[in-house]
Amino acid sequence: MPVSSAIRPLVVPPHDLFTDNLASHAAEARRIAGRHSAVGWLRIAVFLVGAGGAWWLFRHQPPLAGWAWLLVFYVAFLVIMRWHGRIGYRLLHQQLLGRINQEELTRLGGTINGFDAGLRYQDPQHPYTADLDVFGPHSLFQLLSRTTSRLGQDKLASWLQAPAAPAELRPRQQAVAELAPDVSWCQQWQASARHFPKQSDDPRPFLQWMHAPDFYARRRWLLALLPVLPPLALLGMGLWLAAGYSGWLALAPILVMYGLNHRFRLERDAVFERSMDMYDVLRAYRDQLLLLEARECEAPQLAALRARLLEHGQPASAYVARLARIAQNFSLRWSTLAGFFANNLLMWDFFWMWRLESWKRQLGGSLEPWLDVVAEVEALVSLAATRYAHPHWAEPELSDEPLTYEAVALAHPLIFSTSRVANDFASVGAGRTALITGSNMSGKTTFLRTVGLNAVLALAGGPVCAQRLRLGPAQLFTAMRTQDNLAESTSSFYAELKRLRQLLDLTATGQPVFFLLDEILKGTNSRDRHAGARGLIRQLHRRPASGLVSTHDLELGDLATVLPGFVNNYSFNSTVAGDDIRFDYRLTPGLCREFNASKLMQLMGIEV
């Protein structure tokens, strides 16, 4: 029976590519930095020449000459400032690309604790994430995530929290396979969003606000004043200044606008705050949408995501760019003086609130689906980058047969040692239990996590730390880190019983469950522990469930004769040589041959 796809060939080792990229981006950044500095000095020179020349002309020539000089140098200064800004963007882009390659090298070196740990996704009641280090320090999320947006982080986390069906995973695998070798595009995708400091802010409050009733829905009269009051105020000021008319012609509409601004200050403040919160986020999404729209996608899932961005005549990036520009115009309020005059002469906030609501009426329902496209691509880029960085990991073969787990050279994805030990393991069908015995520190718990983490990777659509893996649909469940809870007056033993109750309830639903149970019922006496563990294994045998149980209880091994073919004994062994305890971390058929607890106690000074 085939077990998985072959290991992918790779021309350039990831470490070499990331090292070369880091050097080339650093060199390009130094080159651009020189130009950036030169143009900066040019800006200063143009400003000084413009100011000095204007001062001289106004003193020695007709005023018209001074104004003309100022106009020319003002335009020149604006052109050079924009040029300087574009060079600054290119400089930052190279620095960001260099930083991304350095992060890849850091991950390859096994140092992942500096990355986002996804602590907000930790849930002690989740079927498996707490026990398998999916989130938290030194976690799978830290190894995988190249996401830049909050929605992208949520999407990746949701894939790790909920196994997908094979029909959903196969298109996801194809998309990951297309993106993985395109390292440059994946890194451009990350860097384009990192330009904006607040790009990882959560956009959902803004999306909820976008669904709120329009400000002008019950204030059509105020909308009618927008094209009336500002022209009246400007015309009145012109007549007052140029023809000597009464200043009340300007002051009257200005006072009305001031009163309106004061009356609706809370509504204006709310729009300002939401817009400023979203400005960086929208610009990041705009640039990522542009990248996806320009990409030729072959994988059906990527092509479908791209097609969703082109359904409204113009690309989604153009509409999001327009929304970002609308949000940007509210930033005039950062300048107290400019904001005061703009709002009391031009009804600035009211005008851009109207523009924002016009955008919302036209495309408000499309914004969330577009952001979801970006979130999904972010999650795919994370899996693709992981696949490229680990060329010897395999793409799992997806079986439609539930509770299938066949692995060759399976290893722990969060152990980065070159001496990491890999093991073969197979379990096919329901009602099967692999009973793992072994001495202390021999690798039983680590192997359970190895099996579990690779299942999480495979059922999220990612590569697995194995030579080959064939996997069928199943709900993963673990009971490994049960702890007491003083707030709930719950002992560790009772907490474990509650956890096992969750397992029984889950298997009673009829869905296939793959369980990983570590040292079950360890909080009670040996007789009750043995009877309880024996009863639980027999109970699970009659349900749509299979999995692994680690134990020190050798007597449980006779279940292999009671349920032949359904309970299989495996072990991790150690050897004692003098004061040395040696482990090979190899999964071996049969019960454990030797335990080391007495020797460990002796080494700790306990008289045995």
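Trainee: Which helix gives the most to the lining of the largest cavity?

Mentor: That is H6, with 4 residues. Helix H6 (183–194) and helix H15 (348–389) each supply at least two lining residues. Helices here are DSSP runs of H or I with at least four residues, strands are runs of E with at least two, and both are numbered from the N terminus. Keep in mind that this is a predicted model, where local features need pLDDT of at least 70, side-chain atom pairs count only at pLDDT 80 or more, and totals for chains, interfaces and linings use all residues. Residues are numbered from 1 along each chain as its sequence is written, and side-chain values use heavy atoms, with hydrogens and water left out.

Trainee: What makes a space a cavity and not a pocket?

Mentor: On a 1 Å grid over the protein atoms alone, a cavity is a set of points where a 1.4 Å probe fits but cannot get out, whereas a pocket is an open set with protein on both sides within 12 Å along at least five of seven lines; lining residues have an atom within 4 Å of a point. By this rule there are 5 cavities of 30 Å³ or more. The largest cavity has a volume of about 80 Å³, a volume being the space filled by probe spheres set on the points, which are joined across faces, edges and corners.

Trainee: What is the volume of the second largest cavity, and how does its lining divide by class?

Mentor: Its volume is about 60 Å³, and the lining has 8 nonpolar, 2 polar and no charged residues. Ala, Val, Leu, Ile, Met, Phe, Trp, Tyr, Cys and Pro count as nonpolar, Asp, Glu, Lys and Arg as charged, and the others, Gly among them, as polar. Leu 403 and Phe 514 are among its lining residues.

Trainee: Why is Thr 129 called buried?

Mentor: Its relative accessible area is 2%, and buried means under 20% (exposed is over 50%, partly exposed in between; 1.4 Å probe, protein chains only), so Thr 129 counts as buried. Thr 129 lies in the loop between helix H2 (63–108) and helix H3 (140–144).

Trainee: How do you know that E4 and strand E8 pair?

Mentor: Two strands pair if DSSP finds at least two bridges between them, and E4 and E8 (residues 545–551) have 5, so they qualify, in the parallel sense.
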